[in-house]
Amino acid sequence: MTITQEKTLADKVRADFPILHQEVNGKPLVYFDNAATSQKPVAVLDAIRNYYEQYNSNVHRGVHTLSGKATDAYEGAREKVAKFVNATFPQEIIYTRNASEAINLVAYAWGLTNLQPGDEVILSVMEHHSNLVPWQLVAKTTGAVMKFVELTPTEEFDLEQYKTLVSDKTKLVSVVHVSNTLGCINPVKEISAIAHHYGAKVLIDACQSVPHLAIDVQAIDCDWLVASGHKMCAPTGIGFLYGKRDVLRAMPPFMGGGEMIADVFLDHSTYADLPHKFEAGTPAIAEAIGLGAAVDYLTNIGMDKIHAYEAELTAYLFEQLRQIPELRLYGPLPNSNGEGRAALAAFTAGEVHPHDLSTILDQAGVAIRAGHHCTQPLHRYIKAQSTARASLYFYNTREEIDVFIAALKEAIEFFGGIFG
Ligand SMILES: *Cc1c(COP(=O)(O)O)cnc(C)c1O
């Protein structure tokens with residue numbers, strides 16, 4: 001028996017996202033670029049507006065009422081984020097501008113002081129540039145050596161090869177949880193346990209997992225984990241670094257300035273305790289409050305429900321894509337329940353340039369991404385100059401997948417006429 005009358009998660013939440021209800025190029029918008037940034041619900045927009053309209057004030061500074069309210073909201077959001085990823089203490093959450101800044105914080109504050117010539121840093125070939133370039137810079141300064149985990153034949157993290165790379169020389173393993181291009185879900189618990197066995201630290205780039213899966217930093221047992229607010233219904237300009245308390249305490253500050261000090265003398269200073277040691281200057285207050293509202297919004301829906309619904313979409317999306325013979329799909333295929341990979345699909349269609357596909361789809365109101373998705377080395381590895389990528393979130397629907405597939409087929413036919 002099928003319950004076809006039941007409302008889907010998307011049916012229930014779409015009204016919360018004003019931006020989705022518009023036409024683009026005369027067609028209803030189908031927003032399939034969620035891996036680049038997600039849309040924002042009214043609850044988040046309201047939280048930001050309320051802050052500016054009712055209690056805009058600097059945090060941690062004034063004793064006046066508005067400053068107290070702003071500080072409570074700003075710190076309250078931190079507690080929400082901590083709970084969301086199951087951190088042990090709220091001070092383990094450091095606000096940053098985005099995930100890139102969080103990785104740079106670790107690279108500079110920890111990497112520069114802990115890496116020696118010959119020490120090894122293990123990354124994978126599927127890393128986003130944000131989890132690659134900071135380590136290149138730090139490796140160059142410290143003399144540390146970078147090693148790379150490659151892909152299995154199904155284009156997933158090669159755990160066996162990883163086991164051969166890691167050794168007593170390994171000081172850090174920094175890998176992506178869910179690839180923004182391949183969509184594979186990496187075995188971060190196992191990766192972390194193996195690294196710790198050799199005394200190495202572990203950083204997880206969770207940009208594509210925190211918005212979609214229930215994350216438990218204690219279960220993963222990573223030393224650091226980073227994410228961006230804007231991919232999880234929060235505004236731009238806010239992200240976070242989770243770090244184990246002892247690990248963060250042992251790190252020197254990243255940037256100096258107001259808010260991060262205990263006592264300042266002309267020639268030296270002492271620093272505030274966590275988390276303020278890493279939050280120099282006036283922070284992104286409204287954005288942090290918006291992040292707290294986004295966490296509330298996602299929590300109220302339930303990350304398990306979000307994941308289950310996205311798995312349904314994933315199964316349907318790949319069912320449809322696999323019926324287009326011209327397509328080369330990247331990364332692992334989902335199982336019949338849509339599990340085993342993220343709700344995104346990177347693909348190419350023979351000689352057709354992904355930018356041309358994207359342009360044609362845009363004419364049909366469908367927003368997808370074309371390019372290297374900030375994973376140029378991965379594209380070189382999979383021998384694709386660029387790929388097209390459709391990435392979904394819990395407010396997307398099967399009907400939108402139908403529109404996307406129809407437009408994609410038309411585009412391929414059109415270019416097939418030209419090239420064929
Ligand atoms: C988006 C993304 C980043 C970078 O996030 P920013 O918000 O641009 O700092 C890093 N890694 C992955 C896997 C991403 O998807």
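These entries record what I looked up in a predicted model, beginning with the sheet and ending with the nonpolar cores.

**Sheet.** I traced an open sheet of 7 strands, ordered S4-S10-S9-S8-S7-S5-S6, with mixed pairing. I then looked at the edges: strand S4 (93-96) and strand S6 (145-149) each have a single partner strand, so one side of each is left without a neighbour in the sheet. On average, neighbouring strands are turned by 20° against each other, direction ignored.

**Strands S9 and S10.** I checked the pairing of S9 (residues 224-228) with S10 (residues 239-243) and found it antiparallel, over 5 bridges. Within this pair, I noted that Trp 224 stands opposite Gly 243 in S10.

**Helix H7.** I located helix H7 (residues 188-197) lying across strands S7 (170-176) and S8 (201-205); the helix runs at about 160° to S8.

**Largest nonpolar core.** I counted 117 residues here, and those touching the most other members are Tyr 162, Val 210, Leu 225, Phe 240, Phe 394, Phe 404 and Leu 408. Helix H10 (residues 285-301) supplies the largest share, 11 residues. Because domain 1 (9-31 + 303-419) and domain 2 (45-300) both give residues to this core, it lies between them.

**Phe 240.** I listed the contacts of Phe 240, leaving out residues up to four places away in sequence. Among them are Ile 93, Ile 94 and Thr 96, together with Val 210, Leu 225, Val 226, Ala 227 and Leu 291.

**Second core.** I also found a separate core of 29 residues, including Val 106, Ala 109, Ala 139 and Leu 274.

Note on methods: Residues are numbered from 1 along each chain as its sequence is written. This is a predicted model: local features need pLDDT of at least 70, side-chain atom pairs count only at pLDDT 80 or more; totals for chains, interfaces and linings use all residues. Side-chain values use heavy atoms; hydrogens and water are left out. Two strands pair if DSSP finds at least two bridges between them. Helices (H or I, at least four residues) and strands (E, at least two) are DSSP runs, numbered from the N terminus. Axes are lines fitted to C-alpha atoms, for helices over the stretch in contact, and angles run from 0 to 180 degrees between N-to-C directions. Contact means heavy atoms within 4.5 Å. A nonpolar core is a set of buried Ala, Val, Leu, Ile, Met, Phe, Trp, Tyr and Cys residues joined through side-chain atoms within 4.5 Å. Buried means under 20% relative accessible area, exposed over 50%, partly exposed in between (1.4 Å probe, protein chains only). Domain bounds come from an automatic or database domain assignment.
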